[in-house]
Amino acid sequence: MSFSDSESSSHGGSGEYKFFRQTCRDRLLYEMLGSSNAPNSKSWKVLIMDKVTVKVMSHSCKMADITDQGVSLVEDLFRRREPMPSMDVIYFIQPSKENVVMFLSDMSGREPLYKKAFVFFSSSVPKELVNHIKCDTSVLPRIGALREMNLEYFPIDNQAFITDHERALEDLYGEDVEKSRKFDACLNTMATRIATVFASLKELPFVRYRIAKSDDCKASSRDLVPTKLASAIWNCLLKYKAIPNFPQTETCELLILDRSVDQIAPVIHEWTYDAMCHDLLDMDGNKYVLEVPSKTGGQPEKKEVLLEDHDPVWLELRHSHIADASERLHDKMTNFVSNNKAAQMQQKARDGGELSTRDLQKIVQALPKYGEQVDKLSLHVEIAGRVNKIIRDTGLRELGQLEQDLVFGDAGAKDVINFLRTKQDASPEYKLRLLMIYACVYPEKFEGDKGTKLMQLAKLSREDMKVVENMKLLAGSSETKKASSGSFSLKFDGAKTKQAARKDRTGEEETWQLFRFYPMIEELIENLNKGALPKNEYACVNDPSPTAQAATTSGSVRSRQAPAAPERKTPAHSMRSRRTSTWARPNHSDDGYSSDSALKSVSLDFKKMGQRIFIFIIGGATRSELRVCHKLTKSLRREVVLGSSSLDDPPQYITRLKLLSEKDLSADGHVF
């Protein structure tokens, strides 16, 4: 890939659509690391990064990718380093005073640590730092490049990124946070990192955000966080218009939300293979540890595996229902063995059949590949089996059914109370998550001392019940935040005995049981695509003209006219599962090991794409929301990129909610 290609947008005229993370990877490898490669030169170089940029790099590139660009050594900026005066160096650092001072220290004087420095900053460089560099006359001749990469976000998926603000809820929504330095620091850093997404991709978005209040409702500082973030992002984007080839008119959509838009999604059990693995298994990020038999016959050995995009089986099955994934894995293993000649011949040998010399030769030739493929499938068969065992042992299906019945208005107080009374052995975490969902749908059931009684019935601690109270802090004061959005409402209909936080969405064929839940962003993205977001709830910083707005809703691209997203007569959402004797319906699976169907769909569906849609959720995104972004990318033919301060699994989210309020509980145990 040429240097000029690396500067073009993934919508460019090359004919090949590049997804979000691929664009990030290409810029780092070719535009940054590759730019220092001299023609016909095979000389090695050093790469130096700080604690933030090393995260940026590790989320996009593997060590082998970096080595392929001629990097022989990766160093930490603030660690003591050996002089290498014969080698060039690449600095990928944040534009801070400390980093610039360290860089100048390395390269100044009579004996610099390196031969020539190529300096790349992760975000915009303040003028005073540029002047500081210019003042050191001994360093200037040794600088081969001095550029802003504007890449300070962390891609965690082909279509998702985080700003790495794990304490965003505490810093932005805690009590009296608006008076703290953390509030401004968190908001400004978050805005800077989000803005670098668009600078890196050379995209200029319509910046939309959820409005804080109605005319008759005074907004709190918590309500105003999306408004303030939208304004800060736009101020950053205005500076980028001076970048060469940066668009001067809007090219995509950005919608800024906070976690109050849907407080059910972070705690309800999501039944996909991906979500179940992260929810039920003791995983460290994407790292899973399994036990394998010892080659020496001793104790089983522990082996670490990464469940990531490079694994085609994971890539294909991760967003499938856990029952669907289990069935397809079983079919894949069975079909692979039956279709593999080496395996058949092995079976023949075990059955006492005669093998020719040619047969033995084929076995030897086929076994290495056969072993690798079977290992991949066996890994996922084991993981899915372990997940299904936990589901059975904990009675999770019954709880999952109750959770979804609550959300869709098919269950009420009696059902929750009956579960708490009869399932005393359920884990405290499961009971707390159930009560959090119950509080979203029936907030009036937690008024007065009702919350305390529910706590006692569930045998939960006051610390746990504090989480439910903090959900109200997150919801803010606005009466426009309705119960249907998954957050607390201050208006109730006393005549109703059952309420619902979601509407059943019909139109698709029957789907897997316990798979009807959808996060609220699914409706919001669809409305954004149609240009139908309510103007009294969602504002735009750079309010588009009618002509521009019409172009946006059509899903057209900048450089070539892609077809508008096809109008669908039915929403792309699953309908409620019919209650059958089996908890999941059968499904046809691919044959063998390969995941060709998943890979082919990517290449076939995305040759012509409309404008990107970016959704940013302050306070942590969920795996169900990531699944929806992948789903809608296919149906809308517009890449939907999910951004957030962090990607949280339920236990992490609950821990963050606990930190929102540190006020003491009353002596009698009341939390309200």
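The model is predicted. Its secondary structure comes to 24 helices and 14 strands. Of the 672 residues, 54% count as buried. The chain exposes about 30700 Å², and carbon and sulfur atoms supply 50% of that area.

- Helix H5 spans residues 97-107.
- Its buried residues are Asn 99, Val 100, Phe 103, Leu 104, Asp 106 and Met 107.
- Seen down the axis of H5, these buried residues fall within an arc of 155 degrees, so they line one face of the helix.
- An α-helix has 3.6 residues a turn, so residues three or four places apart point the same way.
- Lys 97 and Glu 98 are exposed, on the face of H5 turned away from the buried side.
- The cover over the buried residues includes strands S3 (88-93), S4 (117-121) and S5 (143-148), along with helix H6 (127-134).
- Just after H5 comes Gly 109, with a positive phi of about 85 degrees.

**Helices H19 and H24: a crossing pair**

- Two packed helices are described by the angle between their axes and the distance between the axes.
- The axes of H19 (residues 462-475) and H24 (residues 650-658) come within 8 Å and cross at roughly 80 degrees.
- Angles of 65 to 115 degrees count as roughly perpendicular, and H19 and H24 are therefore roughly perpendicular to each other.
- From H19, the residues in contact are Glu 463, Asp 464, Lys 466, Val 467, Asn 470, Met 471 and Leu 474.
- From H24, they are Tyr 653, Ile 654, Leu 657 and Lys 658.
- The residues of this contact divide into 6 nonpolar, 1 polar and 4 charged.

Note on methods: Residues are numbered from 1 along each chain as its sequence is written. This is a predicted model: local features need pLDDT of at least 70, side-chain atom pairs count only at pLDDT 80 or more; totals for chains, interfaces and linings use all residues. Side-chain values use heavy atoms; hydrogens and water are left out. Buried means under 20% relative accessible area, exposed over 50%, partly exposed in between (1.4 Å probe, protein chains only). Helices (H or I, at least four residues) and strands (E, at least two) are DSSP runs, numbered from the N terminus. The arc is that of the directions from the helix axis to the C-beta atoms. Contact means heavy atoms within 4.5 Å. Axes are lines fitted to C-alpha atoms, for helices over the stretch in contact, and angles run from 0 to 180 degrees between N-to-C directions. Angles under 35 degrees count as roughly parallel, over 145 as roughly antiparallel, 65 to 115 as roughly perpendicular and the rest as oblique. Ala, Val, Leu, Ile, Met, Phe, Trp, Tyr, Cys and Pro count as nonpolar, Asp, Glu, Lys and Arg as charged, and the others, Gly among them, as polar. Accessible areas come from the Shrake-Rupley method with a 1.4 Å probe; for residues, only the protein chains shown count as cover.
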